[in-house]
Amino acid sequence: MKSMLSASLLKAIPMPLSLGGPDARIEVMNEPAEALFGVTGVGRNYVTALRQPDLLDCIEQVLRNGQSGSARYRNNNGA
């Protein structure tokens, strides 16, 4: 039920968003995130799905400190 509600909320937001669970696996991705990261991201550990050091460092800092952070994801063509 929680994942269904989360998926519905994320689907309404036009920017790429994903939701990670307590086991560090991606539980939900909206369509823009699936387009960016690939539809196989759900169920994978966020480290293996995202695979970018700057982004992963930011996520780890947020998890460690509980404060917001900012990082850029760069796709294969450098965008």
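Here follow a few questions and answers on a predicted model.

Colleague: Which elements of the protein chain have the lowest and the highest mean pLDDT?
Modeller: The chain averages a pLDDT of 84, and 92% of the residues score at least 70. Among the elements, the lowest mean, 74, belongs to helix 1 (residues 2-11). The highest, 90, belongs to helix 4 (residues 53-65).

Colleague: Which element gives the most to the largest nonpolar core?
Modeller: That core has 9 residues, including Ile26, Phe37, Tyr46 and Leu55. Strand 2, helix 2 (31-37), helix 3 (46-50) and helix 4 each give two or more residues to this core. With 3 residues, the top contributor is helix 3.

Colleague: Is Val28 buried or exposed?
Modeller: Val28 sits in strand 2 (residues 26-29). Its C-alpha atom is 5.9 Å from that of Ala7, 21 residues apart along the chain. The relative accessible area of Val28 is 6%. The cut-off for buried is under 20%, so Val28 is buried.

Colleague: Where does Asn30 lie, and which backbone atoms are 2.8 Å and 3.1 Å from polar atoms of its side chain?
Modeller: Asn30 lies in the loop between strand 2 and helix 2. Asn30 is buried, at 3% relative accessibility. Beyond four places in sequence, Asn30 touches residues including Leu10, Ile13 and Pro16. At 2.8 Å from a side-chain polar atom of Asn30 is the backbone oxygen of Met15, and at 3.1 Å is the backbone nitrogen of Leu17.

How values were computed: Residues are numbered from 1 along each chain as its sequence is written. This is a predicted model: local features need pLDDT of at least 70, side-chain atom pairs count only at pLDDT 80 or more; totals for chains, interfaces and linings use all residues. Side-chain values use heavy atoms; hydrogens and water are left out. Helices (H or I, at least four residues) and strands (E, at least two) are DSSP runs, numbered from the N terminus. Buried means under 20% relative accessible area, exposed over 50%, partly exposed in between (1.4 Å probe, protein chains only). pLDDT is the predictor's confidence in each residue, from 0 to 100. A nonpolar core is a set of buried Ala, Val, Leu, Ile, Met, Phe, Trp, Tyr and Cys residues joined through side-chain atoms within 4.5 Å. A polar contact is a pair of N or O atoms within 3.5 Å; within protein, one must be able to donate a hydrogen and the other to accept it, and residues adjacent in sequence count only if both atoms are side-chain atoms. Contact means heavy atoms within 4.5 Å.
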